[in-house]
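Good morning, colleagues. Please look at the display first.

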Amino acid sequence: MILRSNFEPGTTRWAMRRAQWTALGLTPEDMEKPKIAIVNSSSDLASCFSHLDDIVGPLKKAIREAGGIGFEVRTAAPSDAITSAGAAGQYILPSRDLIVGDIEVAAEGALLDGMVCLASCDKTTPAHLMAAGRLNIPTIVVACGYQPSGVFRGEHVDFEDVFLYAGHVASGRMTVSDLAEMSSCAITGPGVCAGMGTANSMHIATEALGMALPGSTPVLANGPRMWQTVAAAGQRIVELINEDIRPRDILLPGAFRNAVTAMLAISGSVNTLKHLQAVAVEAGTDVDVYALFEELAPKVPLLTAVKPNGERRIDEFEAAGGTLGLLRELGPMLDLDQPTVAGPTLGEALAGVDRVDSDVISPLDRPLARHPGIVIVRGTLAPDGGVVKRTVSDDGVHRFTGPAKVYRSREEGIAGIRAGEVRPGQVLVLTGLGLRGSPGMGLTSAFIFALDGAGLGDQVAVVTDGQMSGLVNKGLVVAEVSPEGAVGGPLGLVRDGDVISVDVDTRTIDLEVPEAELAERRAAFPALAAPAGCSWLSVYARTVSPLAQGATLGK
């Protein structure tokens with residue numbers, strides 16, 4: 001085995017490295033062992049990853065016992081609940097690509113031999129997968145678990161409830177003191193949001209891709225199964241290096257097909273579309289994730305209803321069999337020959353899995369529902385597509401036609417709700433919130449929950465080029481419309497009173513304005529100036545690619 005971390009003896013960089021690592025306590029024998037990055041996307045800012053620092057020590061120990069040397073590598077650590085406070089949430093998506101760069105600098109700069117990535121909140125998991133695809137060194141992603149929930153006035157409460165009811169304060173349906181009391185009860189330990197939001201969806205997608213150890217998602221943070229996975233990952237990463245099994249050996253087209261199938265079966269977060277596409281781009285895999293969602297959506301039934309899709313909790317999903325149990329039920333629809341980081345193929349990993357709790361994960365022949373949980377709509381308002389999330393019960397509005405009411409920021413829209421401008425029957429347009437217009441893709445979740453709090457959630461439709469939290473599952477919302485309004489997409493040409501029609505069943509969304517009129521508006525539309533300066537959002541706006549390319553950097 002030739003390790004890239006081992007340099008020719010006597011060279012300058014060999015001597016410098018030896019001097020630095022000797023000062024850290026490494027022996028001459030250690031210098032010859034595989035050098036492994038423990039990627040720790042952690043900070044003290046949020047409970048999402050407040051437990052990750054405690055994982056590093058046991059993981060280092062497991063790596064050393066297996067014959068390797070682990071080095072902790074720190075990266076940016078964004079939390080949707082915390083990092084969204086600044087710039088109207090515009091830092092959230094760009095932080096994903098910042099993490100990828102952090103990892104590249106550390107792992108490539110030091111020429112490390114492999115990585116174990118400690119994944120937690122929404123953007124860390126896709127960032128770790130993207131870095132694995134880009135660097136193509138042996139990698140295991142360890143999902144570090146969901147947070148335990150609490151009790152509020154005798155009823156179960158979790159972070160999703162806080163997220164929802166915050167929108168009710170603006171409308172007077174809940175007091176600030178009641179919300180504060182609920183907030184203090186909702187989270188009783190570290191970990192990601194306890195719902196089928198982006199974090200848990202991406203943890204599950206990682207296992208379906210084959211980049212997490214089988215049976216490791218979803219998992220309670222600091223629970224026994226999480227610690228078992230940490231120990232197993234420390235052992236297995238050294239074996240992966242010795243066997244020279246790399247991410248691009250695993251991130252094949254069939255792996256993405258499996259992941260999309262899993263996302264549709266759980267009605268996962270809509271954010272998984274752009275994240276999985278970004279992983280494919282970084283791994284050099286020729287696959288169109290958006291096309292896969294469109295192809296598979298009519299075929300893959302819904303097998304579970306974890307909040308916010310239904311009443312089941314994520315801990316019940318884990319106890320019922322978790323991702324392995326889900327994949328077992330989906331077996332006939334999967335590419336079972338796909339390799340995994342564990343060594344066996346997906347089919348071999350599923351061979352010993354018992355039947356799951358059918359009350360939580362339904363059998364393939366008796367699904368909860370057969371309509372798609374994630375729908376891509378296209379039409380004159382969204383030529384390149386927009387995304388709609390549907391619940392398992394699918395009791396929401398399927399068709400909606402009405403006059404447009406246009407807002408150009410989340411705050412302007414919320415102010416409009418408070419001022420009574422929003423009326424039943426309107427199609428509310430939030431434009432200018434896309435990748436370049438924000439820049440960074442503004443979060444619209446607060447606007448959606450404010451509508452719900454005002455009792456208007458099912459009486460209007462929302463169309464936006466911004467993004468939603470994976471926990472949003474209210475009303476008829478078409479998000480991530482492409483091309484975005486700020487670059488001259490049709491959404492930016494909409495004016496108050498224009499008629500917009502959305503039909504989820506036919507997967508269409510149309511702006512009923514004559515093309516000649518739109519051409520006049522387009523000719524008068526101001527060109528978007530690329531922002532100057534060195535700020536991260538400015539750099540992002542100048543370099544981000546379209547959603548169809550996963551919103552990766554480097555147009």
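Ala-37 has Met-115 as its bridge partner in strand 3. That pair belongs to strand 1, residues 35-40, and strand 3, residues 114-119, which run parallel and are joined by five bridges. A word on terms: helices (H or I, at least four residues) and strands (E, at least two) are DSSP runs numbered from the N terminus, and two strands pair if DSSP finds at least two bridges between them.

Before going further, I note that this is a predicted model, in which local features need pLDDT of at least 70 and side-chain atom pairs count only at pLDDT 80 or more, while totals for chains, interfaces and linings use all residues. Residues are numbered from 1 along each chain as its sequence is written, and side-chain values use heavy atoms, with hydrogens and water left out.

Angles here run from 0 to 180 degrees between N-to-C directions, and axes are lines fitted to C-alpha atoms, for helices over the stretch in contact.

Within helix 9 we find Glu-239. Glu-239 is partly exposed, at a relative accessible area of 29%; the scale calls a residue buried under 20% relative accessible area, exposed over 50%, and partly exposed in between, with a 1.4 Å probe and protein chains only. The Glu-239 side chain makes a polar contact with the side chain of Gln-235, at 3.0 Å. By a polar contact I mean a pair of N or O atoms within 3.5 Å; within protein, one must be able to donate a hydrogen and the other to accept it, and residues adjacent in sequence count only if both atoms are side-chain atoms.

Strand 11 (residues 461-464) and strand 12 (residues 476-479) are parallel, with three bridges, and Val-463 has Val-478 as its bridge partner in strand 12. Strand 9 (residues 399-407) and strand 13 (residues 499-503) are antiparallel, with five bridges; there, Thr-401 has Ser-501 of strand 13 as its partner. Strand 9 also pairs with strand 10 (residues 427-430), in the parallel sense over four bridges, and Val-406 stands opposite Val-429 of strand 10.

Next, helix packing. Helix 11 (residues 253-266) and helix 15 (residues 322-330) pack at about 100°, their axes 11 Å apart. That makes helix 11 roughly perpendicular to helix 15; angles under 35 degrees count as roughly parallel, over 145 as roughly antiparallel, 65 to 115 as roughly perpendicular, and the rest as oblique. Helix 11 contributes Thr-261, Ala-262, Ala-265 and Ile-266 to the contact, and helix 15 contributes Leu-326, Leu-327 and Leu-330.

Why is helix 15 largely enclosed by the rest of the structure? Eight of its nine residues are buried, so the rest of the structure largely encloses helix 15. The cover over these buried residues includes helix 8, helix 11, helix 14 (314-319) and helix 16 (346-350).

Two threonines deserve attention. Thr-198, in helix 8 (residues 198-209), is buried at 1% relative accessible area, and its side chain makes a polar contact with that of Ser-269 at 2.8 Å. Thr-124, in helix 5 (residues 124-135), is buried at 0%. A polar atom of the Thr-124 side chain lies 2.8 Å from the backbone oxygen of Cys-121.

Finally, the cysteines. Cys-534 is exposed, at 79% relative accessibility.

Note on methods:
Contact = heavy atoms within 4.5 Å.
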